[in-house]
Structures are given as C-alpha cells and as structure tokens.
Amino acid sequence: MPHVRLDAPVRAARALFGAPNRWDLVAIPLVLGLLFVLSWGTRQMAVPYHLGEALPLSLDPRHLPYYALRTTLRMVAAMVLSLLFTFTYATFAAKSRRAEALLIPILDVLQSVPILGFLSITVVGFIHLFHGSLLGPEAAAVFAIFTSQAWNMAFSFYHSLKMVPKDLSQAAHLFRLSSWQRFWKLEVPFALPSLVWNAMMSASGGWFFVVASEAISVAGHHIFLPGVGSYIALAIEHKDLTAIGYAIAAMFVVIFLYDQLLFRPLVAWSERFRFEALASDTPSESWVLTLLRRAVVMRRVARIPALIRRRLVPVLPRRAESAPLVLLRHFIRREERLLTRLWRYGLIIAVSALSIGFARYVTAAVSYREIGDVFLYGAATAARVVVLVALASLIWVPVGVWVGERPRVARAVQPLAQFLAAFPANLLFPLAVMGIVHYHLNVQIWLSPLMILGTQWYILFNVIAGASLLPGDLREIARNLGLGRWQRWRRLILPAIFPSFVTGGLTAFGGAWNASVVAEVVNWGNTQLTATGLGAYIAQQTAAGDHPRVALGIVVMSLYVLVFNRFVWRPLHRYAEERFSLGG
Amino acid sequence: MNESSPTPLLDLRGVGQSYPAAESGVRVKILEDINLAVHEGEIVAILGRSGCGKSTLLRIMCGLIEPSAGTVLYRGTPVTGPAAGISMVFQSFALFPWLTVLQNVTLGLEARGVEEGERNRRADEVIEMIGLSGYESAYPKELSGGMRQRVGFARALVVDPDVLLMDEAFSALDVPTAESLRADLLDLWSERLIPTQAIVMVSHSIEEALFLADRVLVFDSNPGRVKDEVRVTLKHPRDRESASFRALVERIYGIMTTAAAGSAGGAVHGGRVGLAYRLPEVSVAQVSGVLEQLDQSGDHGGAELSELAEEMHLDLDTLFAIVEALELLGLAHVAERRIRMTRVGKVFVDGDQQQRRRIFAEHLVRRVPLVAHILRVLDERPQRRAPEERFLRELEDRLSEQESERVLSVVIQWARYAELLDYDYDAGVLSMGSPDVQQGA
C-alpha cells in the first residue's frame, strides 16, 4: 500500500516532466541549488537596521563565501533593475519622437556622470526611504551598480529598436500583432544579441562599483554592508595582507562562476536571435546551456511559463481603444507643429530653471575662486586620463594585434582579457600604496596608473576582436605584395582595427574618469595618499559630507567627460565608421 | 463571370502618393491617380520599371501605408489599417529568424488570438499543402531560399486571405527554384485548394507576369500611373515559347517603349530634362557594354529590346535603366520595342578610351543640366571647389534627401569617368576635373 502511495506522485511527475536522463542528474541539482542560495541570500538583505549600528563583519575567510554571495546578489538585483529600466525607458524613447528629444540627451549626460561621486548623496535618500531597514544602504549600493549598467544597456536597446528591419516590421503590422506581441516577438528578439553583449560588458564594469559602494560613509557613520567590498575595506583598515589575498581569490571565483552560469549561457542562447550570421563568427558555446538544453526534465520545466500563459491569455480581455483616446490621438496628429513647438519651449524653460537653481545652490556655499580651482583639478585629472589611455594604447594595440592574428592564441586570451576587465581593480590598490610608500615614489605620478588598471583591458580585447576579424584575403594580398612591416601596419592593420580601437578607447576613457574618484585618494591603514585632481576633490568632499561641493565636483567632471565625448570620441567614431568599416 | 460580381474585392479610386521634398516641402509624386478594381477569381500583375511606385502601391492596398490621395475599398469598406482578409508575401521573405517554421506560420493566427490547438491544426494543413512537411521545427536560416519563401507563402495563406499580394515574391530566388514555386502556386490556385479569391502581384519580369496573370497592368514611372492594360486569355499552363505568348511579350515591350502623352518619365526624346531629373542608377560600363553588344550582334546597330534583354541576361529594371541612360545621353534611341544606336553612339563604340571619354563628357554637359549647373557653379568659385551640400540642398527642393544623394552620386560617378569633376569623399567636396577635358561649361 505505501508502495502505491509513493509511486503515484512520481508517476504524475513523470507524466508532466518526462523521465529524467543523465543530463538531468547534473542540471536539476544545479538549478535547485541556485534557487535556494538566491532566496536565502535575498532574505538577509531586508533585516532591520538603524544608522550608526555596527554590522558584524569579520576577516575570517570562512565568512567569505557568504560575503561573496551578498555581493553577487547586489549584482543580480542591479541587472534586473537595469533590464526593467532598459525595456521601459528605451522603448519609450524609440517610440515617441517627442520623448526621444528629451530622453536621449538625458541618457547621454547621465552616461558621463561619475557614478561613485553621487553615492554619498543617494545613500541618504535611500536610508530615509527604507527607514529602519538594511534595505536602505543595500538599495544605495544596488543603485550605484545600476547607474554603471543601465545607461549603456538602454542605449543599445534604443539603437536596436531604431534598426528593426523594415520588412519584418511591416510583416508584424500586416499580420496585426498587438504592440505587446510585437515587442516580445519582434523587437526584443531583434535587440537581444547586442543587449546581452552590452549587459555582459556593463556587468563587468559593475564589479568595480559593487566593491566600491559596499563600504560607505554617511554623515560620519561608516556602513559596511556584508560583502567582498566591505571585507576589503576592513582588511585595509587592519593592514591585513593575507585577508586581501583571500578577497582577491574569492573575487576570482565569483566572477568566474557568474560568467559561466549566467553570461556564457546567455550569449550562446542569444546567438539564435542574431539577424544575420557573419561567416567569420564562431558560434559561442556554453556547457551550461548545452546541459540545460539536453536535460529532459529541465526542458519540460522551461515550458511551464508558456503553458501558464496559454491558459491565461484567452481569459485576458483584448484591449479595445476607447473613444477619448482615439480623439486625443487625432488631436495630437492635427496639432503636431504647435505641440512640438510648445514642447520645445517647455524643455528650454525647464532646463534653464534647473541650471539656475543648481548654480544658486552651489554658489551659496562655494566661492567663484574655488569653482575655478575645481576646473583646474579637472584639467589635472583630464591630463592623467589622456596620457594613460595613450600609454595603454601604445602597449595593448600591438599585443592585441599579435594575439588577434593568431586564432588559437586569441581563443585562449580573449576570455582572459574579458575576465580581467571584469575584475575589480580597486582590490589591488592597497598593493600599489605599499609600493609607493616603500619606494618613496611621487604620489602625483604613481597613483595615476590605478585609474587605468581596470579599464585598459577594454582596449586589449576590442583590438583582439578587431584584428581577428581582419579578412584573410587582405592579409594574403599584403604578403603577396611583399609589404614591409611598417607599410603593413600603416596600410592594413591600423585602418582595419581602428573602429574597434575607438570603441575600446572610449570605454577605457570613461572608465578611467569614474575610477579617478577612488584612485586619487588611496588608503592603507592610517596611511593616506592623495594626488591633486578632481577625483580626489570629490572623494574628500564626500568624506566631509559637503553636498554642494560634491555636486559641483560631479557636474564639472560630467562636463569634462561630455566635452571629450562630443569633440573627440564621437567624431573619431564617425570617421571610423565611414572610412574604415570593412563592410565596404 | 468574374466581372459580373457587383462589388470588386479590392477597389482603388484615384489613389495617389507623394512625399514632401526635404528642403522646400514641395510634394514629390510617387503615384498618381490609380484606379483599379480587382475582382474575384483573377490574378492581376503590375509591371513597371523601378521607381514606378509599384511596391508602394501594394503596401497601400494592404493598409500598411496610408495613401495621400484617394481611397482603397476592400469589399466595399475603406481600408484604414491592415485588413484581416489581405495578406502579403515579401520579396525578402521577411521571416522572423528566431522563430521556427511552425512559429512563423502561426504568427498571424496568434495575433488573432486563435487558441493553440486550432492554430497548429491549421498550420499543419497549410504546411502540408505548400510542401514544408518535416521542416516544422527548423529555423529559417537552416532552409534554402526557395524553402524560406514557401514559409512566407504558408504564413500568408494560413490566415485564409481573400486577397494575396505578392511583392516580387520570386525575384530573390534562382531561376529553377522560382519556376517550381510559381508552378506550385498556380496548381493550388487553379485547383481551388486555397481560399484566396484574388492575387495581385508586382513583378519586374514580363514573362513572370504573363505566366501567372489574367491581367497585366503596365505602369509608367515618375510618377507611377497606369499606362496600359493587357488581358491574358491563354490557358494554364502557359507555354513561354508559344507564338501567342511571345506576341504578348512583344506587346508589353511595345507599351513600355511608347512615351505616354505629357509624361516626363517615359522615354526621353532628345528634349531637355530638369535639374532634379532622377537619373537612372547605371554605370558607364553598363552603358558601353550595351552599345558594344548592339554594335556586334545588332542589326545595323539596332535590336529588339526583348532579344537584348535575353542575350545580356538583363532584368526589366536594369534594362530600362540602361536604356534610359542611353537615350538621355543621346547615344541610342528607342521606338517601337527596338533600340538603335545613334550616330554618336557608333562613334563612341568605335573610339578609343580617350575619344569615348571626350564624347561622354561632351554629351553629359550638354544633356544633363545638373552636370552643367555644377560646372558653372564651380567655375564661378575662385578655388573651383564647392561642398556637396551646396548641390544637395538644391536637389532637396525637389526630391527626398535619400533620392538627392543618389542622384548626386550618379552624377559624380559619370562625371568622374568623363574627367569633368573630382570628388573628395572624406571632405565631401566637389571640384573641377583636369582642365584639358573641360568643355565649355
């Protein structure tokens, strides 16, 4: 009798999911384990907390896996939020011309705002919002990561939406897909490959910010959120080199797992949404995806959402356009010109009002002289960034070309370069401080390389990607004509990799500005090294809790980045696209 | 019998389409005063050279584009958006690459909220009928071009359309594949296996149109309008080599080479064309290629257009574009389905590179006002250089931005060959060519 009772649910499950095969043996525990860890960790994020309370944190490496989990959860949360933001903001911008005129410039400016700069401002807001809960500081940290990813992803999605092939869009219209169906059947799939790629790149930048945003000081209180970043901050305070070693090792493992379990499968999966397959592309592979695809039970489980939707959809009422809405649309179409003009004036007024308000806020606390000084600090940081990007290019372009021309080496080096780009370079800062102190080096010069430490890899792997796409026939003709080494570089290699180099250089450049906030002031126990620059200014004013000055620093830095982007990188990008794209 | 039905399936009344020119906002006409009634049981083909707005017309019929003049009635009611009974097959297939064959086919049903069991049942039927069985789970990229277009047909037919529109549905396929697909479609149609009541197709192949259609409408270009109509009463399957079929082919060539009264877009008869004339996209090599062909195998430098097209493997669009360029430059003359080299054309063919260049330059300046205009402007400037925007803006008074750029690029290409103009791509600057070939501009 008990035999039957046990058997019945098993048989029912088999009927629903099919008999498990050997792939399931790995896949099921993997998925269930992940779900458990996620739900357990998430619950820890909402425990009660009051400002000033000390969160228990220990340097015992046994706690590191738990800290690493918390850090990862922040990354996941930020990614989910970024996706939501992308799907709404970018869609709105792409669909409405009026919204586009406002939203895209905003996005452009937001992209140049130094993320770590306004952490101290947002954290106050979030603590008030989630009063008495750890969710406040958690949300601030997640928000910092969010800001490092969302703009980039939204841009990618917006551009994809703008490029949906006309005939597909017409087919969708002709077969009368609703806007909801159109979004999920046409627009999202079309955008997916580049969105996933952008999300992966953004996430690799995110590790830097999660580490930097876990240990925050607010109004004189230090908040150490449980996580690898706080662990490092504590280790720095205690001058504990072994602990730093542990943290670095933990970070390696976490990034590796995050990449293998999340992004590799996603990239491989998004491959099927690629609109035109380039012959030169080698299909991405992911053991996790293969595993999930071949496991019978997992495949059945993956179908459950579709089953639910199928039951649900006929029940949902189909939306009919209400009469007022139709009238409104008619009115908007008829008064198009007038509305556009009104909208533009409104925007101009709003922007001017905001600028004046901001100017009054800052000048109430800061003298004009100091504002001038802040611009000079900006120039110092700008000089550092420019020199460093140039130096990094001199080193990594030849290396990248060498690697890219050897497919087998490239296959091994490319993931490594991507991994290094993801690795939060701020973990290595303490080592630099010790070196500078030990050898009595010039702080102004030797702190600078820290800014580019994490972002130089973008140059490397973009150049590798560019060089590996160099058409074989061009390389053959270069050899056939007997081009010398220098001619070969000048006539073939540099033009061919130029577009990818510009992409990499732009990313490295933006990243270096962001990093300056943590790289120009570095601590090791009681030792503090400071280089003159805008990053140091923001960091110091943040520590002092002087909000008008922080805001001033942020705005000046955003201005510098905006000006460089607009007058250097964008023209370069356009030039590269027009002259050197291999499309012909 | 067909004509006896009181309301036509599809009724176009005075349909016109135009867009505002980029700079001045002057309306540029694409289609003008199209009146067309499509009845039950007939296949109508629309034939015309590129630029006659035939694809636009098809999109107006199915409600994808709103016409700027006139109305489209489907079963007596105006079409204001995509209508349920009208379906289309695209030249580029327009399949969703991330959906399987089955998912692509059921797309239209899904949009209508047909529940899944029913959806798959209907899709299976159509897939079987169109010869796609066994490929249901394949992605489009796994299929050959012919199979992809079969998916396109299945997707269009599964929603049981009254009217099936085909936008050059076979032109992206190789000849044998297109042939078999056309034959299969015709079988389905004549055996009434599909619920479709009428087919409207756009084509740039005369033979294709005559092979399938009961009625062929020949369109004029710039702006597009109905020039003439040819009824085809031959029984299916039609034999392309039969005398009656060939006669119809020749008749259509005849219509296409007759200038309609007051038309700017018909054959260019020596007369001057305007500054913003939409020059055909033709290379100098194509021009001299056709002239050489006429010289070698033609009968006293003349030939039937149909023969020329066959010998040189030219489709209708390319053939007429080259013919237009030849007439425009005064190197050949077309009348009554025949093309004949002019005397200058003969001199051009016989000449060496230098002479050819000189003749081409001379005629370019004389007969293409835009070239003369550019040379005049450059000549007045001390540096003899001007940015391309200078001329683009002028063209945009009359044309769209894209069309202006296309026209200017044709002029640059021709004038470079003639060594009249130089163009700096990076700077976007036009300048005078080498002085020894400059003609009195």
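How many helices and strands does the secondary structure of chain B come to? In this predicted model, chain B has 15 helices and 16 strands, where helices (H or I, at least four residues) and strands (E, at least two) are DSSP runs numbered from the N terminus. Residues are numbered from 1 along each chain as its sequence is written, while chains are lettered from A and ligands numbered from 1 in the order in which they are written. Because the model is predicted, local features need pLDDT of at least 70 and side-chain atom pairs count only at pLDDT 80 or more, whereas totals for chains, interfaces and linings use all residues.

**Overall form of chain B**

- The radius of gyration of chain B, 24 Å, is close to the 22 Å that the globule rule gives for 441 residues, so the chain is as compact as a globular protein of that length; the radius is taken over C-alpha atoms, and the rule is 2.2 Å times the number of residues to the power 0.38.
- Along its principal axes, the C-alpha trace of chain B spans about 75 × 50 × 45 Å.
- Of the 441 residues of chain B, 43% count as buried, meaning that 20 or more other C-beta atoms, placed from the backbone, lie within 10 Å of the residue's own.
- Among contacts in chain B with a separation of 6 or more, 69% join residues 24 or more positions apart, a contact being two residues whose C-beta atoms, placed from the backbone, lie within 7 Å.

**Domains of chain B**

- An automatic or database domain assignment gives domain 1 (2–256), domain 2 (284–349) and domain 3 (351–437).
- The C-alpha centres of domain 2 and domain 3 of chain B lie 24 Å apart, and 7 residues of domain 2 are in contact with 9 residues of domain 3.
- On the side of domain 2 that touches domain 3, helix α11 (residues 343–350) of chain B supplies the largest share, 3 residues.

**Contact with chain A**

- The contact takes 19 residues from chain B and 22 residues from chain A, and helix α2 (residues 101–111) gives the most to the chain B side, with 3 residues.

**Confidence**

- The model scores ipTM 0.80 and pTM 0.81.
- Chain B averages a pLDDT of 87, and 94% of the residues score at least 70, pLDDT being the predictor's confidence in each residue, from 0 to 100.
- Over residues 261–271 of chain B the pLDDT stays under 50, and the model has 18 contacts beyond four places in sequence for this stretch.
- Where pLDDT is low, the predicted coordinates should not be read in detail.

Key. A residue is buried if 20 or more other C-beta atoms lie within 10 Å of its own, exposed if 12 or fewer, and partly exposed in between; C-beta atoms are placed from the backbone.
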